[in-house]
Amino acid sequence: MKEQVYWNPKTELMTRESLEDLQLRKLRKLINWSYEKSPLWRRKLDNVDFQPGDIKSLEDLKKIPFLTRKELSQSQLNKPLFGDIMSISKESALRYHQTSGTSGSGPLRILDGWKDWEWGSEMWCYGMYAFGVRDNDICLVASGYGNFIGFWLAHYACERIGALTIPTGGMSSEDRINKIMEMEVTVLVSTPTYAIRLAQVAKEMGVNLAKDSKIKFLLHAGEPGASIPGTKKMLEEVWGAKVGDFPGMSETGGSTCYECAEQSGGLHILEDHYIQEVIDPKTTENLSCGQRGELVLTSFGRGAMPLIRYRTGDLVERVESTFCSCGRTFDLYKGGILGRADDMKLVKGVNIFPSAVEDIIREFKEIDEFQIVIYTEKNIDQIKVKIEPISEFRSNRYQELQKAIAEKLYDAHRLSFRVEIVEPNTLPRFELKSKRLQDLREKI
Amino acid sequence: MLSYNDDPKLVEEKVMQTYNLLKELSAIEDFPAISFNARRALGVMWQVTSDLDLEFEQLFHLKV
């Protein structure tokens, strides 16, 4: 049998015209359904005097107001437990999840029915298959499972592809390393932060993952690390594996874009299952390819909780499909998710993105862990990076390292960063999403 | 053996036949082992009809 490269060649290779035609037909049905069944959507559409029949072209989507996270949270506060966006009752649902709450507005409750739930893992399949995961792989899912939707969907996608799937909820990092070696695991699914942590633990156990393990793919989600060049390179080296980025969010249910085996530096947009717009976060005007802006999603997969023009807060730069040579006609996000609009910090008039700082820090192989601290000193904002070197790094070279990092950070930002070296094993480690930025100014 | 590349229309017809059959089985009210397993299968089959752009509908009335 000829080896297939695409999970769904019918749409992954579709012409732009056919793709937009497909999107329009799905959009009409989604708007009809949402207007009929979701009180929130009926209200929002009535407020702008928009009827489902008004969708004549994809351009008409722009007449529909945005949906925000704040709106969803408020709706759940006003009408516990699920707000008025749901199109079904909780008795008709199959699955309950909630967001991780890292965006600061508290967890959001989410319900899915059978097809919505299966759809979430189907979205992961596009990416996993494109990256090279096959039915002879052995996948270890390093997740605590629980309420956070995180890697549940990835788990079911591994199974759907036919790979032997190992759930490791409740296992320690040491146990997971042992399982990776014992079972000859070929694919690790985790956050990038946790893959770094596992590599540290493996080293302490005397295991050389790049040499001794069978891992060939690291599949990452939950954080932008796998698209941060410095972090990606570091992970590739310590694991001796290809590192792929598969972003998604609990609100959307599944992956929204994925990295293919060509690793062009961009992530393919799942255009047959979403309409993904990029807007200027300030003016809300739609942006063209090549312009950086906020990602706005309309999902065709979530029927229970219709998600139309949802402002994700994620920053992206869309480029045309020719950016990648894999043959897919789906456009891409160059550099993946570039950060979150609300992650950006302003220090002495300079925009600081934690992911850009991380990219520089990860260039230094001597660094094991780091933390960014923003604070005020004599009424002036300051930024400091705490650096924890690897245990083998000699203290007589600390000053040299400090200087090199400070110079690189200055060159990239034209802003002075203080660099403080701390003793090994003093900074916090993370098993899910990292919290490496502390903005102490907000507490004053 | 069926091949999508050789005869996409035939394969897509079979997908739709299976999908519609699962809808019928999902609606059976007096035999849980049939309807509940059919519903799960229908949730999966919906992915195929949606992926192939054959059918895109909500199935909550069937508890799917």
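Analyst: Domain bounds here come from an automatic or database domain assignment. With that assignment, 34 Å separate the centres of domain 1 and domain 3 of chain A, taken over C-alpha atoms. This is a predicted model, in which local features need pLDDT of at least 70, side-chain atom pairs count only at pLDDT 80 or more, and totals for chains, interfaces and linings use all residues. Residues are numbered from 1 along each chain as its sequence is written, while chains are lettered from A and ligands numbered from 1 in the order in which they are written.

User: Where do the domains of chain A lie?

Analyst: Domain 1 covers 9-112 + 249-342, domain 2 covers 118-245 and domain 3 covers 344-443.

User: What is the strand order in the sheet with mixed pairing?

Analyst: The order in this open sheet of 4 strands is E19-E18-E17-E20 (chain A), where strands (E, at least two residues) and helices (H or I, at least four) are DSSP runs numbered from the N terminus, and two strands pair if DSSP finds at least two bridges between them. Strand E19 (418-421) and strand E20 (437-439) of chain A are the edge strands, each pairing on one side only.

User: How many bridges join E17 to E18 of chain A?

Analyst: There are 10 bridges between strand E17 (residues 367-377) and strand E18 (residues 380-389) of chain A, and the two run antiparallel; A:Thr376, for instance, stands opposite A:Asp381 in E18(A).

User: And which helix packs on that sheet?

Analyst: Helix H12 (residues 398-413) of chain A does, touching E18 and E19 of chain A, with contact meaning that C-beta atoms, placed from the backbone, lie within 7 Å. The direction of H12 makes about 150° with that of E19(A), given that axes are lines fitted to C-alpha atoms, for helices over the stretch in contact, and angles run from 0 to 180 degrees between N-to-C directions.

User: Switching to chain B, how do H1 and H2 pack?

Analyst: Helix H1 (residues 8-26) and helix H2 (residues 32-51) of chain B pack at an angle of about 150°, with their axes 8 Å apart. H1(B) and H2(B) are therefore roughly antiparallel to each other, a label given to angles over 145 degrees.

User: Which residues make the contact?

Analyst: On H1(B) they include B:Val15, B:Tyr19 and B:Leu22, and on H2(B) they include B:Ala38, B:Leu42 and B:Met45.

User: Back to chain A, what about the parallel sheet?

Analyst: That open sheet has 5 strands in the order E4-E3-E5-E6-E7 (chain A). Strand E4 (164-167) and strand E7 (242-245) stand at its edges with a single partner strand each, so one side of each is left without a neighbour in the sheet.

Technical notes. Contact = placed C-beta atoms within 7 Å. Parallel < 35°, antiparallel > 145°, perpendicular 65-115°, else oblique.
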